[in-house]
Amino acid sequence: MQTNKTMEHSRFILAGLMGWPVAHSRSPNIHNHWIAEHGLRGAYVLLPVDPANLAQALRALPVLGFAGCNLTIPHKVAAMALVDSVEPAARRIGAINTVVVQPDGSLAGSNTDGFGYIQSLLAEVPNWRADVGPVAVMGAGGAARAVVVSLIEQGAPEIQVCNRRQARRSNWRRKSAGRCTPCHGKNVMSHSQAPPCWSTPPARA
């Protein structure tokens with residue numbers, strides 16, 4: 001006998017995690033657990049996609065019957081230019097981690113990394129506050145962008161972004177028009193009371 005849940009979700013829905021490499025991910029175990037728990041008809045699968053094939057793979061989602069996908073390294077930044085629309089928060093972050101296929105087949109990009117990061121902190125330390133002092137972020141990839149934006153929105157007075165790759169550190173400096181500068185060593189970027197390092201500098205009056 002069908003439950004109300006299964007009747008409401010009679011269509012088999014596909015979703016997945018797109019990345020390169022992606023075989024190590026446990027995301028299918030997590031999502032398929034909740035799919036079964038809630039009586040949904042669907043599956044969450046791994047989608048190993050070489051960066052050279054990213055555009056083709058994203059455009060294939062509606063054709064293959066996917067409701068959408070999550071994105072992981074190295075696709076979070078590159079995918080922004082390939083989807084049809086990007087939510088304002090994701091555009092501010094400069095990366096997307098979720099693509100949803102719209103009813104007309106178009107692709108909408110969003111980013112849940114920052115929200116998830118803040119919620120994970122609050123789950124462990126309910127009285128945590130970002131505005132009590134400096135914060136260090138390890139890494140400078142797409143997820144780090146989301147974390148930095150969320151920390152700024154939470155009122156962090158100073159954010160130090162630490163990264164081991166010179167090229168990526170230089171990229172942050174370039175996109176920030178010099179607002180990000182090294183601090184406490186050559187592989188650390190400091191970001192104090194300013195818009196995200198990769199955002200367009202505000203217009204001058």
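Two strands are counted as paired if DSSP finds at least two bridges between them. Strands (E, at least two residues) and helices (H or I, at least four) are DSSP runs, numbered from the N terminus. This is a predicted model: local features need pLDDT of at least 70, side-chain atom pairs count only at pLDDT 80 or more, and totals for chains, interfaces and linings use all residues. Residues are numbered from 1 along each chain as its sequence is written, and side-chain values use heavy atoms, with hydrogens and water left out.

**Strand pairing**

β1 (13-19) and β2 (42-48) run parallel, joined by seven bridges. A15 faces Y44 of β2. Between these strands the chain passes through α2, and the β-α-β crossover is right-handed (with the strands pointing away from the viewer, the path from the first strand over the helix to the second runs clockwise).

β1 also pairs with β3, in parallel, over five bridges. Here L17 stands opposite N70 of β3. N70 in turn stands opposite T98 in β5. β3 and β5 are antiparallel, with three bridges. T98 has a further bridge partner, S110 in β6. β5 and β6 (residues 107-110) are antiparallel too, with four bridges. Five residues separate the strands of this hairpin, and G105 takes a positive phi near 90°.

**Helix α2**

Which residues of α2 (residues 27-37) are buried? They include S27, P28 and I35 (buried means under 20% relative accessible area, exposed over 50%, partly exposed in between, with a 1.4 Å probe and protein chains only). These three cover an arc of only 85° around the axis, so they lie on the same side of α2; the arc is that of the directions from the helix axis to the C-beta atoms. N29 and A36, on the other side, are exposed. The buried residues pack against β1 and β2. Just after the helix, G39 has a positive phi of about 65°.

A nonpolar core is a set of buried Ala, Val, Leu, Ile, Met, Phe, Trp, Tyr and Cys residues joined through side-chain atoms within 4.5 Å. The largest has 19 residues; M18, L58, L61, C69, L71, I96 and V99 touch the most other members. At least two residues come from each of α3 (54-60), β3 and β5 (98-101). A second, separate core of 12 residues includes V137, A144, V148 and L151.

I96 is in contact (heavy atoms within 4.5 Å) with residues beyond four places in sequence, among them L71, K76 and N111. H75 sits in the loop between β3 (66-71) and β4 (85-86). H75 is buried, at 1% relative accessible area. Beyond four places in sequence, H75 contacts M18, G19, W20, V49, D50, P51 and L54.

**Salt bridges**

The structure holds four salt bridges, each a side-chain nitrogen of Lys or Arg within 4 Å of a carboxyl oxygen of Asp or Glu.

| Pair | Closest N and O atoms |
|---|---|
| D84 and R59 | 3.0 Å |
| D113 and K76 | 2.8 Å |
| R129 and D131 | 2.9 Å |

D84 lies in the loop between β3 and β4 and R59 in α3, so this pair ties together parts 25 residues apart in sequence. D84 is partly exposed, at 45% relative accessible area. R59 is partly exposed as well, at 39%.

Are D113 and K76 buried or exposed? Both are buried. The pair links α5 (residues 113-124), which holds D113, to the loop between β3 and β4, which holds K76, 37 residues apart. D131 is partly exposed, with a relative accessibility of 36%.
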